[in-house]
Amino acid sequence: MTARPTRVAVADDEPLVRAGVRAILASAPHIEVVAEASDGHEAIELVRLHQIDVLLLDIEMPRGDGIAVTEEIRRIGADVRVLVLTTFGTGENLHRCLAAGANGFLLKATAPAELIAGVDAVTDGGAVIAPRVAHHLVDSLRDISAHRHDPRVAALSARETDVLRLLSQGRSNVEIAAALHLTEGTVKGYVSGILQTLGVNNRVQAALIGYQAGLTREQT
């Protein structure tokens, strides 16, 4: 049986940008653009009214910028991946997006193939950050001790810690399942429990906590 296409919505106040993104994603037969929004209010309504897998979201929009939209989506508990697509690749924007609960951060100058790969990555439960802004994230973590203790991480079970370690290395649910000899469904359950225990909205934020706690420097 053929898998259902990934359902994508595009929120951007520039019609040409929306048309360009739609044209790029149309070249991928496994992706379907099902809705568009021109401002933040419309973006939230799309999430409420449509079954969307991934929301491609601009930061600078009228009636609710991308940060506010992401925060509202997480507040209402919508099961949608948020992939920010912006012209403004600053460290401040990156950190604000991740803190709000975005699953990825790409620039509008991203190559078409990379945009499609980004949609696929977040759909599969992974995270994606544009290489040209990733150094901002590295810089923010550089001075953090590799063995900093975090009581939230200490509260995880041994298996949850294993999952968080691999998640912090950028592994997808499929890759984590293979590494730990688990089913993908079981991994999703562990990830949900980890997010709840850590008090975060998504796996990107959880990965940052795992990195800060030094899990990526431990032997697996």
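Which residues lie nearest the centre of the largest pocket? The structure is a predicted model, in which local features need pLDDT of at least 70, side-chain atom pairs count only at pLDDT 80 or more, and totals for chains, interfaces and linings use all residues. Residues are numbered from 1 along each chain as its sequence is written, and side-chain values use heavy atoms, with hydrogens and water left out.

The largest pocket is lined by 21 residues, and Asp79, Val80, Arg81, Asn103 and Gly125 lie nearest its centre. A pocket is an open set of points, on a 1 Å grid over the protein atoms alone, with protein on both sides within 12 Å along at least five of seven lines; a cavity is a set of points where a 1.4 Å probe fits but cannot get out, and lining residues have an atom within 4 Å of a point. The volume of the largest pocket is about 610 Å³, where a volume is the space filled by probe spheres set on the points, and grid points are joined across faces, edges and corners. Helix α10 gives the most to this lining, with 5 residues. By class, the lining of the largest pocket has 5 nonpolar, 8 polar and 8 charged residues (nonpolar: Ala, Val, Leu, Ile, Met, Phe, Trp, Tyr, Cys and Pro; charged: Asp, Glu, Lys and Arg; polar: the others, Gly among them).

An open sheet is formed by 6 strands in the order β2-β1-β3-β4-β5-β6, with parallel pairing. Helices (H or I, at least four residues) and strands (E, at least two) are DSSP runs numbered from the N terminus, and two strands pair if DSSP finds at least two bridges between them. Strands β2 (31-37) and β6 (128-129) stand at the edges, each with a single partner strand, so one side of each has no neighbour in the sheet. Strand β1 (residues 6-11) runs parallel to β3 (residues 54-57) and is joined to it by 4 bridges; Ala9 stands opposite Leu55 in β3. Helix α1 (residues 15-26) packs on the sheet, where it touches β1, β2, β3 and β4 (81-86), and its direction makes about 170° with that of β2. Contact means heavy atoms within 4.5 Å. Axes are lines fitted to C-alpha atoms, for helices over the stretch in contact, and angles run from 0 to 180 degrees between N-to-C directions.

The structure holds 2 cavities of 30 Å³ or more, and about 40 Å³ of space lies in the largest cavity. Among the residues lining the largest cavity are Val10, Val17, Leu56 and Lys108. The elements β1, α1 and β3 each give two or more residues to this lining.

Two helix pairs were also examined. The axes of α8 (residues 158-168) and α11 (residues 203-212) come within 8 Å and cross at roughly 100°, which makes α8 roughly perpendicular to α11. Angles of 65 to 115 degrees count as roughly perpendicular, under 35 as roughly parallel, over 145 as roughly antiparallel and the rest as oblique. In this contact, Leu164, Leu167 and Ser168 in α8 meet Arg203, Ala206, Ala207, Gly210 and Tyr211 in α11. The axes of α9 (residues 173-180) and α10 (residues 184-198) come within 9 Å and cross at roughly 105°.
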